[in-house]
Each structure stands twice: as structure tokens, then as C-alpha cells.
Amino acid sequence: MERREIAQLVRTHMERRLEPEGKKEYIVAANWKMNMSAKEIKAFLKEICDTDVPEYLHIIIFPPFPYLPYAQEMLRYEAVAYGAQDVAEQDKGAYTGEISAAMLADCGCSYTLAGHSERRAYYGETSDVVARKASKALEYEIVPVICIGETLEERRSGAYKEVLKGQIEEAAKVCKERLAQCIIAYEPVWAIGTGVIPTIKEIGETHRYIHDVLASECNNAGGRFQILYGGSVNESNVKEIASVPFVDGFLAGGASLKAESFKNIIKRLSLDGCL
Ligand code: PGA
């Protein structure tokens with residue numbers, strides 16, 4: 001299946017999720033960060049190809065750059081999408097170490113992460129840089145998954161809403177009306193890799209808030225946004241989080257590193273359907 005066809009398939013499925021009689025659709029994404037070897041990745045991809053995935057779940061794998069060709073080769077005929085963990089904000093040229101959106105498109109990527117909190121914290125990526133990366137991906141028909149999230153201090157002080165709003169506003173400034181075509185991953189920094197997650201109430205409130213900010217930035221036009229939750233997602237908590245309004249899927253890190261635990265997340269969301 002071609003990259004565009006997969007992206008289109010996911011979009012069509014996701015749009016159906018709002019039909020009252022339809023089952024809610026979810027994206028289940030795996031962010032492998034700087035982990036795994038060629039051998040492990042090939043074995044994982046093979047397992048995913050052999051896994052039954054209900055049609056209302058859409059899997060996206062984010063391998064490290066050098067392994068994208070394995071995804072390209074092994075997922076070619078599968079309804080499993082894949083993408084990159086980052087993308088350059090420039091088109092091409094003397095930017096040693098950077099990977100362009102055109103290169104990702106060449107490798108068959110349908111998606112890219114942009115502005116993961118680790119990129120923001122360790123590599124100084126500002127919301128403006130993140131927005132330009134997302135916009136560049138869109139130019140090449142790659143769907144950016146823009147990661148936003150607050151630190152623990154920002155959550156505790158109550159400043160988190162302003163922080164999240166600011167991150168979305170910066171994205172809107174650059175992506176403009178195409179913001180609606182981006183996926184937003186809400187990942188509280190304090191929940192990433194810690195095993196601590198916000199309460200269900202907090203997730204519900206925050207996702208609703210993010211939805212409202214997106215709607216207002218996009219002039220309430222359409223309002224079909226995809227908002228993923230990320231941060232210590234695992235097979236034990238995924239089903240409950242899935243029941244929260246405005247949660248359209250998950251971005252899993254640690255729990256996506258072993259095929260077994262990632263497949264268990266898929267299984268949990270498959271049992272008795274979702275909503
Ligand atoms: P985690 O990571 O699931 O290990 O918390 C999520 C992420 O960083 O995307």
C-alpha cells in the first residue's frame with residue numbers, strides 16, 4: 001500500500017469515528033526513541049504484521065531513522081503506518097545530521113513526530129521550531145504529530161493551560177489552517193517514562209481544553225481534531241484512558257519496545273471493542 005493511501009485510509013477511518021452509529025477509532029502509536037537493533041526491529045515488525053488489528057485501530061510505528069527502510073520493506077502491503085521521530089525544518093542543504101521531509105517521503109513515511117518533549121528539553125527546540133518542522137512535513141504530505149505537554153511544576157502551579165495554549169498557538173501561527181491536519185499528542189512531561197499518569201479526570205479536562213483551543217485556533221471550522229494521550233501508557237491503563245472523551249489514541253514509549261506489551265495494548269483495546 002502506498003504512503004498516501006495509508007494516510008488517506010487512516011484519515012477516512014478517523015473521520016468516521018464521529019458518526020453516531022460508528023465505533024470510535026483510535027490511533028495506537030509506538031515511539032521507539034533511540035532503542036532497538038536491526039534484528040529486534042525486524043522481529044517486531046514481523047510480529048505486528050502477523051497480529052490481528054481491528055479496523056477501528058490504526059497502528060503507527062516510529063522507528064529510529066536508520067531503520068525506516070525496514071518499515072518501508074516489511075509494511076509495504078500492511079495497513080500499519082510508520083513515520084519518523086523528527087524532521088528538519090529546512091528543505092535541504094548544509095545541515096549536517098538533519099533529515100529532511102523529502103527524505104522521509106522517499107522512505108515512505110506517512111507521519112513524523114514534531115516537538116517531542118525530549119527534543120524540546122535536550123535539543124532546545126522551541127515551539128516556533130516545532131511549528132516550522134510540522135509545517136515542512138505537511139508540505140510533503142506527511143502528517144505531523146505535534147507533541148505538547150507541561151512540566152510537573154507547570155501542572156502544580158496551574159500554569160499548564162497557558163503552556164499548552166502557547167504551544168498550540170505557536171503551531172497555529174505557522175501551520176495556519178493546516179493545523180487541523182496535524183495530530184496533537186498531549187504528553188505531560190512528568191508522565192513520560194515515570195509510570196505516573198494524570199488522573200482520568202485530569203486527562204479528560206486537559207484533552208477537552210486542548211480540543212477547545214484547537215477549535216478556536218481553527219475558527220471552529222470542522223473541528224475534527226485527533227488528540228493522542230502519551231506518558232506511561234501501558235496495557236493496564238490504556239482501556240480506561242480510551243474511554244475519556246477527546247482521547248483519540250495513544251503514543252506509547254516504554255510499553256512499545258517489546259512486541260508483547262505493545263500487542264497487549266492492542267489486545268486491550270480490541271477486547272469487547274472500545275466505546
Ligand atoms: P512512555 O513515553 O510511554 O515511556 O512514557 C511516551 C513518549 O515519550 O512518547
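I started at one strand pair: the bridge partner of Ile-27 in S2 is His-58. Strand S1 (residues 26-31) and S2 run parallel, paired over 6 bridges; two strands pair if DSSP finds at least two bridges between them. Strands (E, at least two residues) and helices (H or I, at least four) are DSSP runs, numbered from the N terminus.

Source notes: this is a predicted model, where local features need pLDDT of at least 70 and side-chain atom pairs pLDDT 80 or more, while totals for chains, interfaces and linings use all residues. Residues are numbered from 1 along each chain as its sequence is written, and side-chain values use heavy atoms, without hydrogens and water.

I checked S2 (residues 57-62) for burial: 6 of its 6 residues are buried (under 20% relative accessible area, 1.4 Å probe, protein chains only). Leu-57, Ile-59 and Ile-61 point one way, and His-58, Ile-60 and Phe-62 the other.

I then followed the strand order. 8 strands close into a barrel, S1-S2-S3-S4-S5-S6-S7-S8, with parallel pairing. Strand S7 (residues 226-230) is joined to strand S8 (residues 249-252) by 3 bridges. In S8, Gly-249 is the bridge partner of Leu-228.

Last, I looked at helices on the sheet. H6 touches strand S4 (111-114) and strand S5 (143-148), contact being heavy atoms within 4.5 Å. Helix H11 (residues 259-270) touches S1, S2 and S8, and its direction makes about 165° with that of S2; angles run from 0 to 180 degrees between N-to-C directions, with axes fitted to C-alpha atoms, for helices over the stretch in contact.

Methods:
Buried means under 20% relative accessible area, exposed over 50%, partly exposed in between (1.4 Å probe, protein chains only).
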